[in-house]
Structure formats: C-alpha cells, structure tokens
Amino acid sequence: MTGEEWAAVKRKFPYGSTVHGTVDEVAPFGIFISVEGVHHGEAFADVAGMHHGGADGSTVIWPEVGDSVTGVVVEHTEHNHQLKLHLR
C-alpha cells in the first residue's frame with residue numbers, strides 16, 4: 001500500500017470508527033481481517049481486543065476464518081499499514 005493509500009484509509013477509518021470485515025487468518029496472538037471497501041485493507045485484532053465470555057469473562061471467543069466481524073479502530077499501525085481493532 002502506498003503512503004497516499006494509507007493516508008486515505010486513515011481518513012476513512014479514524015480512531016473510534018466502526019469497521020466491518022472478514023477474518024482472513026487466525027494466529028495464536030490474534031486475527032487478521034480483510035476490511036470491506038478498502039483496497040489492500042487489512043486490520044488486526046489481538047487477544048486483548050477480542051470478545052471475552054465465560055462466567056468470569058476470561059474466555060477469549062475466537063472467530064473463524066471466513067467469519068464476518070465488526071470492530072472499532074483503536075490504532076493506526078504505521079510500520080505495516082494496519083488498522084488495529086477491538087471487536088464488538
């Protein structure tokens with residue numbers, strides 16, 4: 001992604017904005033998400049940014065590859081041009 005494309009993504013998805021996408025990859029530390037409507041748009045949600053459930057809230061609920069997800073932008077990661085999300 002070029003610098004101009006990345007700047008456009010940051011304008012389209014500022015901090016606090018809602019992002020919709022599809023899970024592309026699940027890793028032990030989080031998930032990679034393809035963002036709808038963004039050319040080469042990729043986002044990442046780490047374990048801290050995922051849904052938690054269970055009686056004590058400590059169980060991380062992992063989406064699967066192909067699942068649709070919605071999250072909130074909490075960071076623009078400059079070194080790899082990713083949106084960092086907390087999932088809803």
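Predicted model: local features only at pLDDT ≥ 70, side-chain atom pairs only at ≥ 80, totals over all residues.
## The overall layout

Reading from the N terminus, the elements go α-β-β-β-β-β-β-β. That gives one helix and seven strands. The protein has 88 residues, and 38% of them are buried.

If you care about contact order, here's a handy figure. Take the contacts with a separation of 6 or more: residues 24 or more positions apart account for 52% of them.

## The barrel

Five of the strands close into a barrel, and the order around it is 1-2-3-7-6. The pairing is mixed, and from one strand to the next the twist averages 50 degrees. As a bit of background, strands of a sheet pair through backbone hydrogen bonds, in either a parallel or an antiparallel sense.

## Strand 1 and its two partners

Strand 1 covers residues 18–27 and runs antiparallel to strand 6, residues 68–77, with five bridges joining the two.

The link between strand 1 and strand 2 is a hairpin through two residues. Two pairs to look for here are Val26 opposite Ile31 and Thr22 opposite Ser34.

Strand 2 carries on to strand 3, residues 42–46, in an antiparallel pairing over five bridges. One of the pairs is Gly30 with Asp46 in strand 3.

Is strand 2 largely enclosed or largely open? Five of its six residues are buried, so strand 2 is largely enclosed by the rest of the structure. Buried here means under 20% relative accessible area.

Val26, Trp62 and Val65 make a nonpolar surface patch of about 250 Å². Val26 is the residue that stands opposite Ile31 in strand 2. Trp62, on the other hand, sits in the loop between strand 5 (59–61) and strand 6.

Why does Trp62 count as partly exposed? Its relative accessible area is 32%, and partly exposed residues are those that fall between the 20% cut-off for buried and the 50% cut-off for exposed.

## The helix end

Helix 1 spans residues 3–12, and Lys12 lies in it. Lys12 has a relative accessibility of 48%, so it counts as partly exposed; the exposed class needs over 50%.

Lys12 also gives you a distance to check in your viewer: its C-alpha atom is separated by 9.1 Å from that of Val38, and the two residues are 26 apart along the chain.

Note on methods. Residues numbered from 1 in each chain as written. Heavy atoms only, no water. Pairing = 2+ DSSP bridges. Helix = DSSP H or I, 4+ residues; strand = E, 2+ residues; numbered from the N terminus. Axes fitted to C-alpha atoms, helices over the stretch in contact; angles between N-to-C directions. Patch = residues over 30% accessible without salt bridge, like charges linked within 9 Å, V, L, I, M, F, W, Y side chains within 5 Å. Areas by Shrake-Rupley, 256 points an atom, 1.4 Å probe, with all protein chains shown as cover. Salt bridge = Lys/Arg side-chain N within 4 Å of Asp/Glu carboxyl O. Buried < 20%, exposed > 50% of the residue type's maximum accessible area, 1.4 Å probe, protein only. Contact = heavy atoms within 4.5 Å.
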